[in-house]
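Please look over the sequence and the model shown here before reading on. The report is meant to be read with both at hand.

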Amino acid sequence: MNTRRMETVIVGGGQAGLALSYYLKQEGREHVILERAPAVANAWRNQRWDSFTLVTPNFQVRMPGAEYQGNDPYGFMPLADVVKYFDDYVQRFDLPIHCGVEVQSVEKTRNGYLVRTSEGTYEAKNVVIATGLYQVPKIPKLSEDLPEEILQLHSMDYKNPASLPGGAVLVVGTGQSGAQIAEELYQSGRKVYLSVGNAGRVPRRYRGKDINDWFTRIGLFDTKVEELKAPRDKFAFHPQISGKNGGHSLNLHQFARDGVVLLGHLHETLEKVDQFEINALQKIDDYIERTDLKVSVESVRELYDGYSQELITALDLSVSGISTVIWATGYAFDYGLVKLPVVDADGYPMQKRGVSRFDGLYFLGMPWLRNRKSGILFGVGDDAAYLAKHITERSTARSRRGSSKQARFSPHRELTKAVESFWR
């Protein structure tokens, strides 16, 4: 267990840590990436289901130096290709990644930071926490009251319908993961009960283009964090949509038509979901009119099946034949490894574009670090470039101050002055 000196330690070998490493290497700055998992991109590699694909089109895959250049910009990369993309990225740019190393704490010292890890300690001038915002699966406490014979798992541990015991499945949550998993389960022949949440809905395509193409054009991904109505809006679920089988829309009303039993404050929730889509499409229509684009007129299919379902306020799992509960309830975040007051009342790091109030301490990879695309492959490179520049300029300034101080108090210079004085 030894101590090593390192200019910059990056905690986390996901997309954020790798993007920053790319830029630091371009600048010739000494650094290391510490990843507790056995391989990089662990969330993609081990916390997605088998049929997972990106929900963002390939043209939004923009890791620095490896922006998508293929012939299918509006396709959706499957899981195996995503993992390979990151493995190739590390190899191509020879990034200094140390896997299987758990960072236990980051402590402030007089000259920088002490990073304690499972393989020893680092003395670093800079530390970048690039662990993202989704670190710990969030499972409601009521899960403790469910019968022992019920299999419970978080969406990050779901793999495929065949991996579950026979019987009906209750999926809790209708963000992107919950909605996609529920669709796969019922299309495989499973009886599905779905507890609905407030995540919105958008169509996969509208007026001749992918929805994310429109959102890019109208500047939605560039919406800045300070433009949010409330700070907690940073944690809103992404709208229901899928990239599977070439990409398609998800609609709770269609789920109901296909036999899924919807649960929750149904009418109130469905109205919010429906209105989200109406508002999103209105923004696109306004943009088309404002810019006088010549595109086809189109209206999305309107469904109302969910409103006709029976309102179920209580559910007997045994009577319903439910053998599995999948908690698609999101993640909690924990920055407790940083032994400094760095988070706000919501537990979100206090920073400005990733720069904390503690010199040399940075955060990267969270949603809404700077804007809407900060936490995704489409925008993480922009934030990484900014931090790399900040780190480089800070390190250069420190070196200049050190050189200046050394020059002022150089023994050789003082000896030269003494000799000159003697001969005079």
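What follows describes the chain as a whole, then its strand pairings, and then a few individual residues.

## Basis of the description

This is a predicted model, in which local features need pLDDT of at least 70 and side-chain atom pairs count only at pLDDT 80 or more, while totals for chains, interfaces and linings use all residues. Residues are numbered from 1 along each chain as its sequence is written, and side-chain values use heavy atoms, with hydrogens and water left out.

## The chain as a whole

The chain has nine helices and 16 strands, where helices (H or I, at least four residues) and strands (E, at least two) are DSSP runs numbered from the N terminus. Its C-alpha trace spans about 105 × 60 × 40 Å along the principal axes. Of the 424 residues, 50% count as buried; here buried means under 20% relative accessible area, exposed means over 50%, and partly exposed lies in between, with a 1.4 Å probe and protein chains only. Among the contacts in the chain with a separation of 6 or more, 71% come from residues 24 or more positions apart, a contact being heavy atoms within 4.5 Å.

The accessible surface of the chain comes to about 21300 Å², and carbon and sulfur atoms hold 50% of that surface; the areas come from the Shrake-Rupley method with a 1.4 Å probe, and for residues only the protein chains shown count as cover. The chain carries 53 positive and 51 negative side chains, and the centres of the two sets lie 10 Å apart. In this count Lys and Arg are positive and Asp and Glu negative, while His and the chain ends are not counted, and each charge is placed at NZ of Lys, CZ of Arg, CG of Asp or CD of Glu.

Strands of a sheet pair through backbone hydrogen bonds, either parallel or antiparallel.

Four bridges join β14 to β8 in parallel, and Q152 stands opposite V325 of β14. Strand β9 (residues 168-172) is joined to β14 (residues 322-327) by five bridges, and the two run parallel; A168 stands opposite I322, and V172 stands opposite W327.

## Pairings of strand β1

Strand β1 (residues 2-11) pairs in the parallel sense with strand β6 (residues 120-129) over nine bridges, and the bridge partner of N2 in β6 is G120. Strand β1 also pairs with β2 in the parallel sense, over four bridges, with V11 having L34 as its bridge partner in β2.

## Two loop residues with positive phi

A41 and D292 can be read side by side. A41 is not a glycine, yet has a positive phi of about 55 degrees, and its place is in the loop between β2 (31-35) and α2 (42-46). D292 likewise has a positive phi of about 55 degrees although it is not a glycine, and lies in the loop between α7 (266-291) and β14. A41 is buried, with a relative accessible area of 2%, whereas D292 is exposed, with a relative accessible area of 52%.

## Two buried loop residues

M366 lies in the loop between β16 (361-363) and α8 (380-408) and is buried, with a relative accessible area of 0%. Not counting residues up to four places away in sequence, M366 touches G132, L133, Y335, Y348, P349, S374 and G375. M366 and D50 are 316 residues apart in sequence and 25 Å apart in space, C-alpha to C-alpha.

L303 is found in the loop between α7 and β14 and counts as buried at 9% relative accessibility. Leaving aside neighbours within four places in sequence, L303 is in contact with N251, H253, Q254 and R257. L303 and L337 are 34 residues apart along the chain, and their C-alpha atoms are separated by 48 Å.

Methods: Pairing = 2+ DSSP bridges.
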